[in-house]
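Me: Got a two-chain model open here. Can you walk me through it, starting with what packs on what?

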Amino acid sequence: MKRLSFILLLGLVVAVAGYCLFYFSGTAKHRDALQNSPPELAWLKSEFQLNDAEFTKVCQLHLAYMPHCQKMCDRIDKLNAEINGLVMQTNAITPAIEKKMGEAAQLRLECQKMLLNHFYDVSRQMPPPQAKRYLAMMRQQTVLSK
Amino acid sequence: MKNNQQNDDEALRASLREWKENSSLPPRFQEQVWQKIERAEAEKNTRWNFLKSIETLLPRPALAVSYVVVLLAVGMGAGMWQSERKSAKMDSTLERLYVQSVDPYQAPRH
């Protein structure tokens, strides 16, 4: 009976150990990425198989792009607030609303151009097949496709 | 209190003595009852035999090793499946974070 209990317990312990081994080794790469700062760049490195030199260049490009992106966010927020204010003051499209909507469209275009430029810059640091995949993925998921 | 209970018991016994059952039992009633009992006992025996056979067979080295190996394989398979699911989920979260970090129209607003 003692031997039977030992075998039953051993089976369970071995099963749990096997589970932990495969689970933790399978998710190690992603857990490391989450520890990095910023984790999304570590994802970029693993997803597009960048070597260290390519990754360093991509990080530099990303960091250089961030202030422009922040400026653009501020302009979008400001313009949206202005449009909301104008829309709430009236019940028909006024020349002022029309003007602001034109500015919003212009801003969107500017943003799309800035984003596409950044994507081209990043993709130039990647091997050609990965660059193609990166551009397709980003085009599909960002303001470029909307 | 005790007298009352005795009276009730007496009354119940008298009623039971007077009670006559007129309806007849269904055909082969007794046989069916015995069959039911036999089936229940056979079921109980099967379960008991199964547990007994585990108790006698599992300590044999070949079966013990097979049992441990099968559980190890199950554990590893489950771990691999779960890690793949988790990795796919983390991939999609990180991808979304990257897109949000570069696209001003998707950046989280504070």
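This is a predicted model: local features need pLDDT of at least 70, side-chain atom pairs count only at pLDDT 80 or more; totals for chains, interfaces and linings use all residues.

Me: Which residues of H3(B) are buried?

Reply: B:Leu71, B:Gly75, B:Gly79, B:Ser83, B:Leu94, B:Tyr98 and B:Val102.

Me: How many residues does H3(B) have, and what does it reach from first C-alpha to last?

Reply: H3(B) has 42 residues and reaches 61 Å. That is close to the 62 Å expected at 1.5 Å a residue.

Me: Pick out B:Tyr98. What is it in contact with, leaving aside neighbours within four places in sequence?

Reply: A:Glu40, A:Trp43 and A:Leu44. B:Tyr98 also belongs to the largest nonpolar core, which has 18 residues. Along with A:Trp43, A:Leu44, A:Phe48 and A:Tyr134, B:Tyr98 touches the most other members there.

Me: Which elements give two or more residues to this core?

Reply: From chain A, helices H2 (39-47), H4 (95-123) and H5 (128-141). From chain B, helix H3 (61-102). There is also a second, separate core of 6 residues. Its members include A:Val14, A:Phe22, A:Tyr23 and B:Leu71.

Me: OK, the interface. How many residues of each chain are in contact?

Reply: 36 residues of chain A contact 33 residues of chain B. On the chain A side, the elements giving two or more residues are helix H1 (2-35), H2, helix H3 (52-89) and H4.

Me: Which one gives the most?

Reply: H1(A), with 20 residues.

Me: And how does that side of chain A divide into nonpolar, polar and charged?

Reply: 25 nonpolar, 8 polar and 3 charged.

Me: Within chain A, what share of the contacts with a separation of 6 or more comes from residues 24 or more positions apart?

Reply: 51%.

Me: Back to H4(A). Which residues are buried, and what covers them?

Reply: The buried ones are A:Cys111, A:Leu115, A:Phe119 and A:Val122. Their cover includes H3 and H5 of chain A together with H3 of chain B. As for span, H4(A) has 29 residues and reaches 42 Å, close to the 42 Å expected at 1.5 Å a residue.

Me: At what angle do H3(A) and H4(A) pack?

Reply: About 170°, with their axes 10 Å apart. Angles over 145 degrees count as roughly antiparallel, so H3(A) is roughly antiparallel to H4(A).

Me: Which residues meet there?

Reply: On H3(A), the list includes A:Val58, A:Leu61, A:Tyr65, A:Met72, A:Ile76, A:Leu79 and A:Ile83. On H4(A), it includes A:Ala96, A:Ile97, A:Met101, A:Leu107, A:Cys111, A:Met114 and A:Val122. By class, the contact has 17 nonpolar, 2 polar and 5 charged residues.

Me: New topic. A:Lys99: where is it, and is it buried or exposed?

Reply: A:Lys99 is in helix H4 of chain A. It counts as exposed, because 11 other C-beta atoms lie within 10 Å and the cut-off for exposed is 12 or fewer. The C-alpha atoms of A:Lys99 and A:Ile83 are separated by 9.6 Å, at 16 residues apart along the chain.

Me: Last thing, backbone. What is phi at A:Gln49 and at B:Arg28?

Reply: A:Gln49 has phi near 45°, a positive value in a residue other than glycine. B:Arg28 has a positive phi of about 55°, and is not a glycine either.

Me: Where do the two lie?

Reply: A:Gln49 lies in the loop between H2 and H3 of chain A. B:Arg28 is in the loop between helix H1 (2-18) and helix H2 (29-57) of chain B.

Me: Buried or exposed?

Reply: A:Gln49 is exposed, with 11 other C-beta atoms within 10 Å. B:Arg28 also counts as exposed, with 10 C-beta neighbours inside 10 Å.

How values were computed:
Residues are numbered from 1 along each chain as its sequence is written. Chains are lettered from A and ligands numbered from 1 in the order in which they are written. A nonpolar core is a set of buried Ala, Val, Leu, Ile, Met, Phe, Trp, Tyr and Cys residues joined through C-beta atoms within 7 Å. A residue is buried if 20 or more other C-beta atoms lie within 10 Å of its own, exposed if 12 or fewer, and partly exposed in between; C-beta atoms are placed from the backbone. Helices (H or I, at least four residues) and strands (E, at least two) are DSSP runs, numbered from the N terminus. Two residues are in contact if their C-beta atoms, placed from the backbone, lie within 7 Å. Ala, Val, Leu, Ile, Met, Phe, Trp, Tyr, Cys and Pro count as nonpolar, Asp, Glu, Lys and Arg as charged, and the others, Gly among them, as polar. The expected span of a helix is 1.5 Å times one less than its number of residues. Axes are lines fitted to C-alpha atoms, for helices over the stretch in contact, and angles run from 0 to 180 degrees between N-to-C directions. Angles under 35 degrees count as roughly parallel, over 145 as roughly antiparallel, 65 to 115 as roughly perpendicular and the rest as oblique.
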